[in-house]
Amino acid sequence: MFQTLYSYFWWERLWLPANLTWADLEDRDGRVYAKASDLYITLPLAFLFLVVRHLFETYVATPLAGLLNVKEKVRLKATPNAVLEKFYAATSKHPKQADVELLSKKSGCSVRQVERWFRRRRNQDRPSLLKKFREASWRFTFYLIAFIAGMAVIVDKPWFYDLREVWKGYPIQSVLPSQYWYYMIELSFYWSLLFSIASDVKRKDFKEQIIHHVATIILISFSWFANYVRAGTLIMALHDSSDYLLESAKMFNYAGWRNTCNNIFIIFAAVFIITRLVILPFWIMHCTMVYPLDLYPAFFGYYFFNFMMVVLQSLHIFWAYLIIRMAQKFITGKVVEDERSDREETDNSEEEEEVAKNGPLSNGHPVLNNNHRKTD
């Protein structure tokens, strides 16, 4: 049964145009072609990326955070409470009003104290500013190096200037060593992002990030299998062109350099919209959807590749919406922050109200003149 599934999976009509077989893509006369077995190396490379990332964040990003004076906000810790902790861990981090009232009775705390406890407990679980800075530093470094390397790989190729050259001679197109390593490194990096996504900073677009990573891995892998390498290198370089700008803006934001962050963000927004909403759909996707049909009839690989491109483009539209919202806040003079971030909750307004009623507070409790705490 396994052999039957294997045969169906590698059926030439799924991957290659009509009248072509895998034998046509065997290495010969010093010409090397893309092979599925080449991608085995990406899994060990992905784990190597995780090791390099750990070393980078420890010995480069952390000292850099100190130099840029990345400061943590002082977080008030939730008082240990077994009843509330059990509900928090097993039921919900955001209890409904009915749950709050029930927990108030069980724990012996007032409703206000229960609400405050959950706010502080959620804040304790939120990633620290240093963790966010280290993560952004790592991605900035990779995306910048990848963009420079990608441009070096494609800038001297004829298909960089004439997209019809992408399909000249397809699929009998040999692969250069620079293209091989560009593919292997990019794919390995996205595998590493997928492996670490559970421990990375979680944002509001967590599900979209998973879809993006999976779609990217499938797209890069499939484009290698079907020898869409020329189109693949253009697509990867196009994506890297804006990603490092976003990560650098985050780094300066975490360091408190708001003006620098805002300026970089505006540049990022412009580059993102031009590359992802103009060049990608109207040049690159036009190249992958229209030009191949001049050479051969559409086949499964053609439809699958372009379907994954549409998935990525849909995610770009979603993120462009978030970026435009952030740009509007910048234009109107509001503080620009990542729309995908889970904002830290505060109870300052509540405590100010308590101050007005009961005097100064200590860790959320009113302090009386005799220095004894008053219970709510």
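Trainee: Which residues of α5 are buried?

Mentor: Val100, Leu103, Ser104 and Ser107. Seen down the axis of α5, these buried residues fall within an arc of 110°, so they line one face of the helix. That arc is taken from the directions from the helix axis to the C-beta atoms.

Trainee: And which exposed residues sit on the face turned away?

Mentor: Ala98, Lys105 and Lys106.

Trainee: What comes after α5?

Mentor: Glycine 108, with a positive phi near 80°.

Trainee: Back up a bit. How was this model made, and how do you count things?

Mentor: It is a predicted model: local features need pLDDT of at least 70, side-chain atom pairs count only at pLDDT 80 or more, and totals for chains, interfaces and linings use all residues. Residues are numbered from 1 along each chain as its sequence is written, and side-chain values use heavy atoms, with hydrogens and water left out.

Trainee: What average pLDDT does the protein have?

Mentor: The average is 83, and 88% of the residues score at least 70. pLDDT is the predictor's confidence in each residue, from 0 to 100. Residues 348-376 have a pLDDT below 50; that stretch has 36 contacts in the model beyond near neighbours in sequence.

Trainee: Let's zoom in on serine 104. Where is it?

Mentor: In α5, which covers residues 97-107. Serine 104 has a relative accessible area of 13%, so it counts as buried.

Trainee: What does serine 104 touch, leaving aside neighbours within four places in sequence?

Mentor: Cys109, Ser110, Val111 and Val114. With Cys109 there is also a polar contact: a polar atom of the serine 104 side chain lies 2.4 Å from the backbone oxygen of cysteine 109. A polar contact is a pair of N or O atoms within 3.5 Å; within protein, one must be able to donate a hydrogen and the other to accept it, and residues adjacent in sequence count only if both atoms are side-chain atoms.

Trainee: Is cysteine 109 buried or exposed?

Mentor: Buried, at 19% relative accessible area. Cysteine 261 is buried too, at 5%.

Trainee: How many disulfides does the structure have?

Mentor: A search of the whole structure finds 0. The test is a pair of cysteine sulfur atoms within 2.5 Å.

Trainee: New topic. How many helices and strands are there?

Mentor: There are 13 helices and 2 strands. Helices (H or I, at least four residues) and strands (E, at least two) are DSSP runs, numbered from the N terminus. Of the 376 residues, 45% are buried.

Trainee: Where does UniProt place the "transmembrane region" feature?

Mentor: The unreviewed UniProt entry gives residues 39-56, 140-160, 180-198, 264-284 and 304-324. UniProt positions use the numbering used here, feature names are shortened, and annotations may be inferred rather than shown by experiment. In the model, residues 264-284 are 100% helix and 0% strand, with end C-alpha atoms 26 Å apart. Residues 39-56 are 83% helix and 0% strand, and their end C-alpha atoms are 25 Å apart.

Trainee: Last one. What about threonine 216?

Mentor: Threonine 216 is in α9 and is buried at 9%. A polar atom of its side chain lies 2.7 Å from the backbone oxygen of histidine 212. Leaving aside neighbours within four places in sequence, threonine 216 contacts Tyr190 and Leu312.

Note on methods: Contact means heavy atoms within 4.5 Å. Buried means under 20% relative accessible area, exposed over 50%, partly exposed in between (1.4 Å probe, protein chains only).
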